[in-house]
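Thanks for coming. I will walk through one structure, helix by helix and residue by residue. Please keep the view open while I talk.

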Amino acid sequence: MIVNKFAVLLARRLLKISALSRATGISRVTLTQLYYRRTKQIDLETLDKLCDYLHCSVGDILEFQKGN
């Protein structure tokens, strides 16, 4: 199972979706869906922009956990 840690990452850095959207060019809709774990997939370009801006790795945003 893939665990989405995007909301935790933003909270720890005290970042808002609107500021992140302006800085990266990623739509607020996309970021909001990712934040609230409503998305079923994420574009690699979006991940690339997030990792670049946040200076993190994909593993800081998404994590694989073995399911039951």
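**Walking through the model**

I start with Tyr35, which counts as partly exposed at 27% relative accessibility. Buried here means under 20% relative accessible area, exposed means over 50%, and partly exposed is in between, with a 1.4 Å probe and protein chains only. Before going on, the ground rules: this is a predicted model, where local features need pLDDT of at least 70, side-chain atom pairs count only at pLDDT 80 or more, and totals for chains, interfaces and linings use all residues. Residues are numbered from 1 along each chain as its sequence is written, and side-chain values use heavy atoms, with hydrogens and water left out.

For aromatic pairs, the rings of Phe, Tyr and Trp (its six-membered ring) must have centres within 6.5 Å; planes under 30 degrees apart are stacked, over 60 edge-to-face, and the rest tilted. That rule gives one aromatic pair. The ring centres of Tyr35 and Tyr36 are 4.9 Å apart and the planes stand at 75 degrees, so this pair is edge-to-face.

Next, the core. A nonpolar core is a set of buried Ala, Val, Leu, Ile, Met, Phe, Trp, Tyr and Cys residues joined through side-chain atoms within 4.5 Å. The largest one has 14 residues, and the members that touch the most others are Phe6, Leu20, Leu31, Leu50, Leu54, Cys56 and Ile61. At least two residues of this core come from each of α1 (6-12), α2, α3 (28-35) and α4 (44-54). The most, four residues, come from α4. A word on these labels: helices (H or I, at least four residues) and strands (E, at least two) are DSSP runs, numbered from the N terminus.

So let us stay with α4. Which of its residues are buried? They are Thr46, Leu47, Leu50, Cys51 and Leu54. These cover an arc of only 130 degrees around the axis, which puts them on the same side of α4. The arc is that of the directions from the helix axis to the C-beta atoms.

What covers the buried residues of α4? The cover includes α1, α2, α3, α5 (58-61) and β2 (62-64). Taking Leu54 as one case, and not counting residues up to four places away in sequence, it touches Leu9, Arg13, Leu15 and Leu20. Contact means heavy atoms within 4.5 Å.

Now the two ends of α4. At its start, a side-chain oxygen of Asp43 reaches to within 3.0 Å of the backbone nitrogen of Glu45. That is a polar contact: a pair of N or O atoms within 3.5 Å, where within protein one must be able to donate a hydrogen and the other to accept it, and residues adjacent in sequence count only if both atoms are side-chain atoms. Just after α4, His55 takes a positive phi of about 50 degrees. His55 lies in the loop between α4 and α5 and is exposed, with a relative accessible area of 71%. Leaving aside neighbours within four places in sequence, His55 is in contact with Arg13 and Leu50.

On to the cysteines. A disulfide is a pair of cysteine sulfur atoms within 2.5 Å. By that rule, there are zero disulfides. For Cys51, the nearest cysteine sulfur is that of Cys56, 4.3 Å away. Cys51 is buried at 11% relative accessible area, and Cys56 counts as buried at 14%.

Thr24 is found in helix α2 (residues 17-24) and is buried, with a relative accessible area of 13%. Its side chain reaches the backbone oxygen of Leu20 at 2.7 Å. Residues up to four places away in sequence aside, Thr24 touches Lys49 and Tyr53.

The other is Asp60, in helix α5. Asp60 is partly exposed, with a relative accessible area of 35%. The side chain of Asp60 reaches the backbone nitrogen of Ser57 at 2.9 Å. Beyond neighbours within four places in sequence, Asp60 is in contact with Lys5 and Leu9.
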